[in-house]
Amino acid sequence: MAFATKFCNLYSQNYQDFSQEGQQWIDAVRKCLQVSLVQTLRPYLSFTCKDVKRIAFDSHTPCYVKPIPESPSISVCNLDASDYFSVFWTIQSSLKTSTDSSLRTIRSMFETLKQCTVSFLPSFSFDGPVRLVKLKLKYLFIFGRRRRSNSDDKMKILNDFVDSMAYTLHWQENGVLWFSDPEINSNISASSETYIDIFLTDRNVYDLDAKNTTVPSNLNTTINELKKMTQTGDLNGNIGGFSIKILSSQGCLDASCDTLLFNVTANDNGMLL
């Protein structure tokens with residue numbers, strides 16, 4: 001509840017910075033999420049804390065898409081980029097680790113946007129305050145007790161790898177927020193290749209909780225450091241019993257990565273595998 005209260009307060013404090021459509025969506029989603037929890041307050045029903053948490057998180061996607069069933073135009077799919085990213089990056093900045101329970105909220109919000117029939121995303125240009133980098137990775141199981149892995153395991157390993165990259169590149173200290181979107185389509189094998197999209201932004205642009213920060217952020221410098229370390233292999237490492245190497249990094253101008261701003265391939269001497 002403290003998590004939800006924090007963001008309700010932030011949105012209230014910055015309410016005038018949202019468009020009229022954004023304000024309508026925030027108001028509708030807030031009410032929708034509150035109504036979804038009414039059942040947990042009924043004295044003749046018994047819910048554990050785990051039940052309440054599950055109900056709260058499960059209500060997010062339907063409340064994002066259609067918070068007012070009779071008003072389908074009020075939807076996350078109809079938000080403009082500024083409104084969406086202000087909400088998205090404010091939530092993302094609160095996450096401490098890739099296993100944070102609130103990660104479900106932000107991932108649900110992003111997956112919902114990708115599935116919208118109409119949204120700003122297909123035409124959005126990632127050459128401004130939000131950047132998109134696609135990594136091609138190769139991983140090899142190297143040690144530990146081998147077990148059958150599922151998509152959740154794969155997502156955690158890849159998210160942890162990106163977090164380790166962020167630590168090496170000092171993204172947090174430099175005022176950069178990141179969100180990783182791994183390609184999840186099968187179980188992890190002993191050795192395989194996969195892709196992961198990394199979205200980057202300047203915290204001072206979209207994070208509503210960053211108004212008192214003075215950390216400058218230069219996304220061009222951030223991207224250049226990532227490109228350089230892709231070539232040298234300095235970001236490769238071991239995560240969760242897997243040795244992971246970046247094979248290439250691409251700067252995407254659009255969400256589908258059809259138009260590239262750069263394409264950097266790793267040097268062979270950076271191989272771990």
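Why does Cys 257 count as buried? At 12% relative accessibility, Cys 257 falls on the buried side, because buried means under 20% relative accessible area, with exposed over 50% and partly exposed in between (1.4 Å probe, protein chains only).

This is a predicted model: local features need pLDDT of at least 70, side-chain atom pairs count only at pLDDT 80 or more, and totals for chains, interfaces and linings use all residues. Residues are numbered from 1 along each chain as its sequence is written, and side-chain values use heavy atoms, with hydrogens and water left out.

The structure holds three disulfides. A disulfide here is a pair of cysteine sulfur atoms within 2.5 Å. With the bonded cysteines numbered in sequence order, the pairing runs 1-2, 3-4, 5-6.

Take Cys 32 and Cys 63. Their sulfur atoms lie 2.0 Å apart. The link is left-handed, with -75° about the S-S bond. It connects distant parts of the chain: Cys 32 sits in helix H2 (residues 20-36) and Cys 63 in helix H4 (residues 60-65), 31 residues apart. Helices (H or I, at least four residues) and strands (E, at least two) are DSSP runs, numbered from the N terminus. Both cysteines are buried.

Next come Cys 77 and Cys 116, with sulfur atoms 1.9 Å apart. Cys 77 lies in the loop between H4 and helix H5 (81-92), and Cys 116 in the loop between helix H6 (103-115) and strand S1 (130-141), so the pair ties together parts 39 residues apart in sequence. Cys 77 and Cys 116 are buried.

Back to Cys 257. A disulfide joins Cys 252 to Cys 257, S to S 1.8 Å. The torsion about their S-S bond is about -60°, so this disulfide is left-handed. Cys 252 is buried, at a relative accessible area of 1%.
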